[in-house]
Amino acid sequence: MNKLKTKKTTTVRPEQLILNRNSDFIVVEAYKSIRTNIMYSIPGKEKGKVIVLTSASASEGKTTTSINLAITMAQVNARVLLIDCDLRKPKVHRYLKLDKKDGISNVLCGFADLNKAIKQNVREHLDVLTAGDTPPNPAELLQTEAFER
């Protein structure tokens, strides 16, 4: 009787998914291709206002894709502000090894100043606003006038 051969599973740390000098060429090129498609699909004067990434289920790659797309946009000298609006299970701060405190939730509640909460130059041309403390009402917080501003 033949035995089934199974692959050994390896644990991947979140920061290993983020583009860096050692990333596989094909992965880097895939994100650059997404960046190019986005740049060509937005009319000239509307370029770069807001790009939102979302999905219906957990673990579909929203955080990884958001961070890597932000990095590739910043690589063409675009000024990028990545905002982690996952107020229930935020991960951007972990993937980028940033302090979570004083994020978007704290700013919206008036507990932190926006300019001080933004982590400047996490990468060249890339600033990050983490999620901050987990509020008791995340969905409602993102529907406020303060968030719209």
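The model is predicted, so local features need pLDDT of at least 70 and side-chain atom pairs pLDDT 80 or more, while totals for chains, interfaces and linings use all residues. Residues are numbered from 1 along each chain as its sequence is written, and side-chain values use heavy atoms, with hydrogens and water left out.

**Exercise 1.** Work out which secondary structure pattern the protein chain follows.

Solution. Start with the tally: seven helices and three strands, taken as DSSP runs (H or I, at least four residues; E, at least two) numbered from the N terminus. Then walk along the sequence, and you get α-α-β-α-α-α-β-β-α-α.

**Exercise 2.** How do α1 and α2 pack?

Solution. Find α1 at residues 25-41 and α2 at residues 62-74. Their axes, lines fitted to C-alpha atoms over the stretch in contact, sit 9 Å apart at an angle of about 70°. The two helices are therefore roughly perpendicular (65 to 115 degrees). Now pick out the contacts (heavy atoms within 4.5 Å): α1 brings residues including Y31, I34 and M39, and α2 brings residues including T65, L69 and M73.

**Exercise 3.** Is M39 buried, partly exposed or exposed?

Solution. Its relative accessibility is 30%. Buried means under 20%, exposed over 50%, and partly exposed in between (1.4 Å probe, protein chains only). So M39 counts as partly exposed. Next, look around M39: together with Y40 and V76, this residue makes a nonpolar surface patch of about 330 Å² (residues with over 30% relative accessible area and no salt bridge, nonpolar side chains joined within 5 Å). For the chain as a whole, 32% of the 149 residues are buried.

Terms used. Patch = residues over 30% accessible without salt bridge, like charges linked within 9 Å, V, L, I, M, F, W, Y side chains within 5 Å. Areas by Shrake-Rupley, 256 points an atom, 1.4 Å probe, with all protein chains shown as cover. Salt bridge = Lys/Arg side-chain N within 4 Å of Asp/Glu carboxyl O. Axes fitted to C-alpha atoms, helices over the stretch in contact; angles between N-to-C directions. Parallel < 35°, antiparallel > 145°, perpendicular 65-115°, else oblique.
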